[in-house]
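Subject: Handover of a structure

Dear colleague,

Please find below the sequence and the structure that I am handing over to you. My findings follow after it.

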Amino acid sequence: VKTPKTLEIRTSPHIGSGESTDVIMRNVVVAALPLTAFAVYAHGLTALFLLLVASLSCVLTEHLLCVAAKKESTIGDWSAAVTGLLYGLTLPPSLPLWMAAAGGFFAIGLGKALFGGLGYNVFNPALVGRAVVQGAFPVAMTTWSAPFWSGRFTSMLPSSLTLPFVEPAYDAVAGATPLAAMKFDQEMTESYDLAMGFISGSTGETSALLILLGGAYLIYRNMMNWRIPAFIFLTVAVLTGIFHTLNPEVYPTPQFMLLAGGLCFGAVFMASDMVTSPVTNLGTLIYCIMIGSLVVIIRFWGGLPEGVQYSILFANGCVPLIDRAIQPRVYGTKKRSQAA
Amino acid sequence: LRFALDQVDLADDVSRVFLGGPMMGQALSSLDIPITKGTSGIVAFTEKEQAPTDQKVYPCIRCGHCVDACPMFLNPTRLGTLARNREYDLMAEEYNLFDCFECGSCSYVCPSHIPLVQQFRVSKAMLRDIKAREKKAEP
């Protein structure tokens, strides 16, 4: 007779899918790496240090706030690194580094820790950080250096190294973004340049191709809801298409709207943030239409050339309402139309 | 059951045994039980094969995987939040807790390793307990 061995008792289910939050977060960083590489290639050391400062300031803030709250440090779940990198990719390359660090502090502190950390934040922390920097330093945030300047790998833009609280000095390499050129000078940029990223803009938003590549990777790994970028692109394309057909002299073509500015980056990396987007598919649709139409409204009739950031933040704010109003229909119950 | 596992040379090194499937099966504390007509399957894990028990639980990141997975189209992410806050009545009335048949899909897909279905079982038991007490208290 064999001696009875102790069997461990657990409640079902006895297996797991093997997915994990930190793995998802790590993969978002992986998806953003091609973009990061392109940003460093286009802007040289300036972008490299900007992204490093942005990421490190977020991770450091997260760690320090956890220590201050006497909680276990949560930097191991990689969510702060994701926030930091995405935040850095939305900044203009010539931004002084101390401003980037300050924004990183606000991104985590105001955007995330204040709400209770990962999963409880209402707004996308990376965009909160960017909005704070844009509100505080509007000039620095709208001065764009031209990409591919010679000597970018050996020296940095002088404005990057500006001391805190000193007005940054800009030299003449500034170039207008395609959206600003469209809005203020009625100039159009070629779609090819937009898709490949041979344009001025934030460090990570210029190459639509690499953004979509990163998005495709996340969708393939089932770590992003493909509906979010798809519906946003569709909304913007349809709305712009209507206006362009009505008056092609005033309104740009749909392909220009899709490829220019931060729309690609915002739709793929920002709007699709799991924490700040709805959980149901119908809710996702409403959320995306909201973002898409706000982008079009702000870009066409608003005072700013770019509206992706505020559109997403506004839609983020509506997500708790959307999720409360829209519940999945329980199996076996009647459809809403039939129940009425 | 020991006889059955002996046939595949497993009885000595299993660490967890379940009657039924891996998703809803009942864990056993002993191998010395009979196999009955109702035994639909036996799942045995050795120490190496079993799922890790000490997985770190992260906060819910609202990814919606559980909402997609639920075969009853319930809202496990909301139910989970309510269970943690002990809002049992709200769970039953607004979010159809008693339509959950404990298939375990929500816990399976959760990337934050939140024990959702386990929380729902506890919530149901609490509700039943409250109901029974109320019945007893009636004159």
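Is Ser112(B) buried or exposed? At 1% relative accessibility, Ser112(B) counts as buried, because the cut-off for that class is under 20%. Please note that this is a predicted model. Ser112(B) sits in the loop that joins α5 and α6 of chain B. Leaving out residues up to four places away in sequence, Ser112(B) touches Thr21(A) as well as a run of chain B residues, including Lys56(B), Tyr58(B), Pro59(B) and Cys60(B).

Another residue of chain B, Ala69(B), belongs to helix α2 (residues 65-69) of that chain. With a relative accessibility of 27%, Ala69(B) counts as partly exposed. Apart from neighbours within four places in sequence, Ala69(B) has contacts with Ser105(B) and Val109(B). Ala69(B) and Val109(B) are 40 residues apart along the chain, and their C-alpha atoms are separated by 7.5 Å.

Salt bridges

Over all chains, the structure holds six salt bridges. One of them joins Arg62(B) to Asp323(A), with 3.0 Å between the closest N and O atoms. This pair crosses between chains: Arg62(B) is in the loop between β3 (42-46) and α2 of chain B, and Asp323(A) is in helix α14 (residues 308-325) of chain A. Both Arg62(B) and Asp323(A) are buried.

Within chain B, Glu102(B) and Lys124(B) form a salt bridge whose closest N and O atoms are 3.1 Å apart. Lys124(B) counts as buried, at 6% relative accessibility. Together with Arg121(B), Glu102(B) and Lys124(B) are linked in a network of salt bridges.

Arg133(B) and Asp129(B) also meet through their side chains in a salt bridge, at 3.0 Å from N to O. These residues are separated by about one helical turn, because they are four residues apart in helix α6 of chain B. Arg133(B) is exposed, with a relative accessible area of 58%, whereas Asp129(B) is partly exposed at 35%.

Helix α2 of chain A

This helix covers residues 45-68, and at 1.5 Å a residue its 24 residues should span 34 Å; the end C-alpha atoms are 33 Å apart, which agrees. Its buried residues include Leu50(A), Leu51(A), Cys58(A), Glu62(A) and Cys66(A). The cover over the buried residues of α2(A) includes α1, α3 and α4 (97-109) of chain A. Just after α2(A), Lys70(A) takes a positive phi of about 55 degrees.

Cavities

The structure holds four cavities of 30 Å³ or more. By class, the lining of the largest cavity has 15 nonpolar, five polar and two charged residues. The helix that gives the most to this lining is α3(A), with four residues.

The second largest cavity holds about 90 Å³ of space. It is lined by 15 residues, and among those closest to its centre are Cys70(B), Cys100(B), Cys103(B) and Cys106(B). Elements that give two or more residues to this lining are α3 (76-84), α5 (105-109) and α6 (116-137) of chain B.

Yours sincerely

Conventions. Residues are numbered from 1 along each chain as its sequence is written. Chains are lettered from A and ligands numbered from 1 in the order in which they are written. This is a predicted model: local features need pLDDT of at least 70, side-chain atom pairs count only at pLDDT 80 or more; totals for chains, interfaces and linings use all residues. Side-chain values use heavy atoms; hydrogens and water are left out. On a 1 Å grid over the protein atoms alone, a cavity is a set of points where a 1.4 Å probe fits but cannot get out, and a pocket is an open set with protein on both sides within 12 Å along at least five of seven lines; lining residues have an atom within 4 Å of a point. Grid points are joined across faces, edges and corners, and a volume is the space filled by probe spheres set on the points. Ala, Val, Leu, Ile, Met, Phe, Trp, Tyr, Cys and Pro count as nonpolar, Asp, Glu, Lys and Arg as charged, and the others, Gly among them, as polar. The expected span of a helix is 1.5 Å times one less than its number of residues. Buried means under 20% relative accessible area, exposed over 50%, partly exposed in between (1.4 Å probe, protein chains only). Contact means heavy atoms within 4.5 Å. A salt bridge is a side-chain nitrogen of Lys or Arg within 4 Å of a carboxyl oxygen of Asp or Glu.
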